[in-house]
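Please have a look at the model first.

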Amino acid sequence: MKSTGRWGIAVAGFFMQMALGAVYAWSVFRTPLMERFHWSISQVTLTFTICILVCGFSAFLGGLWLNRSGNPRRVALTGGFLYGLGVFLSSYSTNGLWWLYLSYGLIGGLGLGAGYIIPIAVLVKWFPDRRGLITGIAVGGFGAGALITAPLATLFIKSMGVLNTFAYLGIIYLVVVMAAAFFMKNPPAGWTPEGWTPNAVQVRQRAARDYKLGEALRTWQWWALWLMLFLNVTAGISLISQEAPIFREIAKVTVIEAAAMVGIVSIGNAIGRIFWAATSDIITRRWTFVIMFLLQGILIWAMPGIASPTSLTLVAFAVLMCYGGGFGTMPAFAADYFGSKNVAPIYGLMLTAWGFSSAFGPLLMAQLRETEGSYGHGLRIIACVMAVSVLVPLVVRPPHDAA
């Protein structure tokens, strides 16, 4: 395939991730579900937590399946079907809270993870010359998903109710993800862009060989990257899970205005994935994470004192740029340190950090909101965690047998 043909796969991967990334609009469902069923903040938030936790493990299983079958299309089609089915079945949540956990949380999370890992694993092989940029693009659509879904879901909820909204969105997700999945395929063995050779910086930052999953797990670097992803995700996902209520509490905006703010800041999630990933190609992955941790610590600490809706939107936008930047940069980080051949299971297992952070950050924020009566205390705790996190990327180095 010519170098220009790989961009078609990248576009399909972007739209596939956009449909999957609609999960980040979850906060707009929180209040309608609480009002309809009289569930608590923590009970509703647990749905999102289960979905992301399952997603992390499902991404690993999807990566293993991809490595064994060599057929990314099959894995992506399965992921799209399960994700759409899970959201659709959520429309039957009159059966009880357990049904919402099973459908949106478990089934939807299984599809989400299996679908998520495929564009990353495929495109990192098609773009050895632009690893940071392409992994940013590969997951950029995921960050943009809430931009469309948040206002669309809000309109659907007002016109047809929250349960019918799940039904229609589930069908839309299923169609979009499965259509994009047909474009997913690996390059021929040994393929590289015509005329490309790695430069000196790329050689210094990359492993001299491809690691197998077991070999990668025996290095301290894999665990350091896992921790960095966990810490970075914790900050952003704590905000994302409670976005609309946080905006309403701090800036005193209406439901519609809060939904619009969710949509706007989700652009930061998408842009950050591409911006920071591309930046990491220039300043290295390590220093990219140092800067992102510092920025998040400062901005999240300031959030409780910002009453202006415009200023709060801009600050949340910047925070989600850093959150998205972690997802855009880390696949390239993993491919640099352990090679691209087995990046699907190696990075797929690393995504369990995403799942565990979803069990820590959002539930911490929800619990503190219920006990303290505001989001300020939880935001300040997260800010302190970010300040300490700077130490990890400062000490991480490539494995010893890197070139």
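Predicted model: local features only at pLDDT ≥ 70, side-chain atom pairs only at ≥ 80, totals over all residues.

Residues are numbered from 1 along each chain as its sequence is written, and side-chain values use heavy atoms, with hydrogens and water left out.

**Largest cavity**
- The count comes to 2 cavities of 30 Å³ or more (a cavity is a set of points, on a 1 Å grid over the protein atoms alone, where a 1.4 Å probe fits but cannot get out; lining residues have an atom within 4 Å of a point).
- The largest cavity holds about 40 Å³ of space (the volume filled by probe spheres set on the points, which are joined across faces, edges and corners).
- Its lining includes Tyr24, Glu243 and Asn269, and helix 12 (255–283) gives the largest share, 3 residues.

**Second largest cavity**
- About 30 Å³ of space lies in the second largest cavity, with Ser238, Met365 and Leu379 among the residues that line it.
- Helix 10 (220–241) and helix 17 (376–389) each supply at least two lining residues here, and helix 10 gives the most, with 3.

**Thr165**
- Thr165 counts as buried because its relative accessibility is 0% (buried means under 20% relative accessible area, with a 1.4 Å probe and protein chains only).
- Beyond neighbours within four places in sequence, Thr165 is in contact with Phe29, Ala153, Phe156, Ile157 and Met160 (heavy atoms within 4.5 Å).

Note on methods: Buried < 20%, exposed > 50% of the residue type's maximum accessible area, 1.4 Å probe, protein only. 1 Å grid on protein atoms, 1.4 Å probe; cavity = no way out; pocket = protein on both sides within 12 Å on 5 of 7 lines; lining within 4 Å. Helix = DSSP H or I, 4+ residues; strand = E, 2+ residues; numbered from the N terminus.
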